[in-house]
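I opened my notebook to look up charged side chains and how they pair.

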Amino acid sequence: MSILVDRSRIETDWACPRKRYWLTEHNQDPTTAPARPGQMGHPAGIVPSTLSPALAFGLVVHAGLEAQIEAYIKDPSAAQVGVEAMMQGPEWERITDDHQDTAKALITGFFQTVWPAWMELYEPLAVEQELEMVEGDVVFMMRPDLLLKDKRTGDIWYPDFKTFSSWNNRKWDWGLQQQLTMLACEKALGVTLTGAWVQGLSK
């Protein structure tokens, strides 16, 4: 049976192996392969019934980003798709009114200012595409927020969206998610990624 891992499981294991077990492996049927994210299969792990405010806010904003970028690829003139998608998501009611207003402002402001500048330089290649890197019996699962291709050079970049309340640049020097996702994307897609950057969204 394959061992499924992802960035979250690895970092949880570093902090507390027992927590990783309860979250992802407890009650797993040993006779069946564990289900990958988004697939039907035998459920495993005990998932908290409530999300932390920070996680709920991040999920809301990421849903808005994903919906708006996908809408842009189909129709560059599409507007407000991201905000509407956020408001219809399951986490919307879990965040405060203040955070709802902040999420709307972040999505609206990003696509009015930063996104047009990006689109002058890049074209979107993949949005939240589920990919896998297989090493022996270990399957590393990832879902990069976005992959961009430089229109002039053909270089491929991985921008990673992060909502934050306080910023610490030094932690990204050893950021597992960016480094491991780049490696996994290269192996899964058979392409070379030029680099990655963290796109902060202040709340």
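Does arginine 20 count as buried or exposed at 18% relative accessibility? I noted first that this is a predicted model. Buried means under 20% relative accessible area, so arginine 20, at 18%, counts as buried.

Next I looked up the partner of arginine 20. The side chain of arginine 20 meets that of glutamate 25 in a salt bridge, with 2.5 Å from N to O. Glutamate 25 has 34% relative accessibility and therefore counts as partly exposed. I then found that this pair belongs to a network of salt bridges linking Asp13, Arg20 and Glu25.

I asked how many salt bridges the structure holds. I wrote down 9.

Entry on aspartate 6 and arginine 9. Their side chains meet in a salt bridge, at 3.5 Å from N to O. I looked up both partners and found aspartate 6 buried and arginine 9 buried as well.

Entry on aspartate 150 and arginine 152. Here too I found a salt bridge between the side chains, and the N to O distance is 3.7 Å. Which of the classes does aspartate 150 fall into at 7% relative accessibility? Aspartate 150 counts as buried, because 7% lies under the 20% cut-off. Arginine 152 has a relative accessible area of 66%.

Last, I put two pairs side by side.

Technical notes
Residues are numbered from 1 along each chain as its sequence is written. This is a predicted model: local features need pLDDT of at least 70, side-chain atom pairs count only at pLDDT 80 or more; totals for chains, interfaces and linings use all residues. Side-chain values use heavy atoms; hydrogens and water are left out. A salt bridge is a side-chain nitrogen of Lys or Arg within 4 Å of a carboxyl oxygen of Asp or Glu. Buried means under 20% relative accessible area, exposed over 50%, partly exposed in between (1.4 Å probe, protein chains only).
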